[in-house]
Amino acid sequence: MTVGFIGGKFLPLHLGHVYAIIHASSMVDELYIVLSHSQQRDKELCVGSKMKYVPEYIRVRWLSKLTKDMPHVKVILIEDNNRNGEYDWKEGSQLIKKKIGKPIDYIFSSEPSYEGIFADLYPDSKHILIDSNRKHVSISATKIRNEGVFRNWDYIPDIVKPYFVKRVVVVGTESCGKSTLVKNLAKIYNTSYVAEYGRTVCEELGGCEGIIIEEDYQQIAYGHKVEEIKAIEKANKLLFLDTEAIVTQFYSNLYNNKHQKVLDEIAKLQDYDLWIFLEPDVKWVNDGLRNHGTEEERLKNNTHLKTLLDEHNIKYKMLKGNYENRLKGAIELIEEILKK
Ligand SMILES: NC(=O)c1ccc[n+]([C@@H]2O[C@H](COP(=O)([O-])OP(=O)(O)OC[C@H]3O[C@@H](n4cnc5c(N)ncnc54)[C@H](O)[C@@H]3O)[C@@H](O)[C@H]2O)c1
């Protein structure tokens, strides 16, 4: 039986790593992927770069997802102590040997410069170079950190992309153009979106006010979250969401006169990159599920929703005016977060 390992920081995991891992996995009976991590060092690598630090528990999930259908591949974590800022290869090799716990036949990498280090630390193992001039997948994690993930999006595996996707949520009261704006933005940015799940539930009930009961809001909030989890898997840099749990709370207040703790708890878990608030200054359209179209009601509801958002300390960006103005305003805001 042959045993090998490939080590790295995978900060972030890219298609060059995938290429190397898959090749290595086809050359041995048992392959260990060593995720070498140090919070201090890895944070320092990201500070001043264009990529946020990715904790090791996220990176190990990427590697686990990548290899879940490969029973002969195992992912192991090694923490580098990094005492004086320099990586201690010798100590690292001792930890790796201990964790693998059996003779290592092969060490895989794409780095010719590691040859001497491995010859010294693993005299009984053979160093196998995979695509050392990075001809097949011309990318490095350093380049991704320096230039940003979005500029190198084509090199990011699909299992990694959701972690970096920016979430843009559009909120507002009845008939303020949320759904149309969300769909239009998703088309412009060629990505996925989450439709208002409350609408789906009301359509199934055959109506909303007077029919919807307290528990339905929980189904709406959970259902919406599940749709978000599904949609982010297919998202291209951005995910657009039509409403969220605070808007669900707003409707629970409005239709059922109930403030639900569970909805506040769900709202607390939300961490969106951009909140767009649409003012209700476009024509009110009755779609069969709406009931609050007078000017007075629209203003009152608008103030109420803002109060709920303020209670959660949400910093939203307000858009008003005609549909074209809102679209242009939204695009400007999105371009800003894409640069960050
Ligand atoms: N002590 C040890 O024996 C030992 C051995 C190996 C690794 N390590 C740890 O791993 C780190 C080295 O990893 P790194 O910074 O090179 O990791 P990395 O995360 O950038 O790369 C991981 C692996 O993928 C390979 N690779 C990268 N880009 C590739 C591409 N485009 N095509 C094909 N292969 C590609 C690398 O050569 C490396 O083998 C060390 O700093 C150390 O922490 C330690």
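## Ligand shell, domains and helix packing

The ligand is surrounded by 27 residues, and the closest are G7, G8, G16, G92 and S109. Sorted by class, the shell around the ligand holds twelve nonpolar, ten polar and five charged residues. Keep in mind that this is a predicted model.

**Domains**

The chain splits into two parts. Domain 1 covers 3–154, and domain 2 covers 165–339. The C-alpha centres of domain 1 and domain 2 are 41 Å apart.

**Two backbone details**

The bond from L11 to P12 is cis, with omega near 0°. P12 sits in the loop between β1 and α1.

N190 lies in the loop between α8 (178–188) and β7 (193–194).

**Helix packing**

| Helix pair | Angle | Distance between axes |
|---|---|---|
| α11 and α13 | about 130° | 10 Å |
| α10 and α12 | about 15° | 10 Å |
| α11 and α12 | about 160° | 8 Å |

Take α11 with α13. Helix α11 spans residues 245–256, and helix α13 spans residues 295–311. Their packing angle is about 130°, so α11 and α13 are oblique to each other. The crossing of α11 past α13 is right-handed. On the α11 side, the contact uses I246, V247, Q249, F250 and L254. On the α13 side, N301, H304, L305, L308 and L309 meet them. The contact of α11 with α13 has seven nonpolar and three polar residues, and no charged residues.

Now α10 with α12. Helix α10 runs over residues 214–233, and helix α12 over residues 261–269. They pack at an angle of about 15°, which means that α10 is roughly parallel to α12. Here α10 passes α12 in a left-handed crossing. Helix α10 brings Y217, Q218, A221 and K225 to the contact, while α12 brings V262, L263 and I266. By class, the contact of α10 with α12 has five nonpolar residues, one polar and one charged.

Last, α11 with α12. Which way do α11 and α12 run relative to each other, roughly parallel or roughly antiparallel? The angle between them is about 160°. Angles over 145 degrees count as roughly antiparallel, and therefore α11 and α12 are roughly antiparallel to each other. The crossing of α11 and α12 is left-handed. From α11, the contact draws on A245, I246, T248, Q249 and S252. From α12, the partners are L263, D264, I266 and A267. This contact of α11 with α12 divides into five nonpolar residues, three polar and one charged.

Note on methods:
Residues are numbered from 1 along each chain as its sequence is written. This is a predicted model: local features need pLDDT of at least 70, side-chain atom pairs count only at pLDDT 80 or more; totals for chains, interfaces and linings use all residues. Domain bounds come from an automatic or database domain assignment. A residue is near a molecule or strand if its C-beta atom, placed from the backbone, lies within 6 Å of it. Ala, Val, Leu, Ile, Met, Phe, Trp, Tyr, Cys and Pro count as nonpolar, Asp, Glu, Lys and Arg as charged, and the others, Gly among them, as polar. Axes are lines fitted to C-alpha atoms, for helices over the stretch in contact, and angles run from 0 to 180 degrees between N-to-C directions. Helices (H or I, at least four residues) and strands (E, at least two) are DSSP runs, numbered from the N terminus. Angles under 35 degrees count as roughly parallel, over 145 as roughly antiparallel, 65 to 115 as roughly perpendicular and the rest as oblique. A crossing is left-handed if the near helix is turned anticlockwise from the far one by less than a right angle, and right-handed if clockwise. Two residues are in contact if their C-beta atoms, placed from the backbone, lie within 7 Å.
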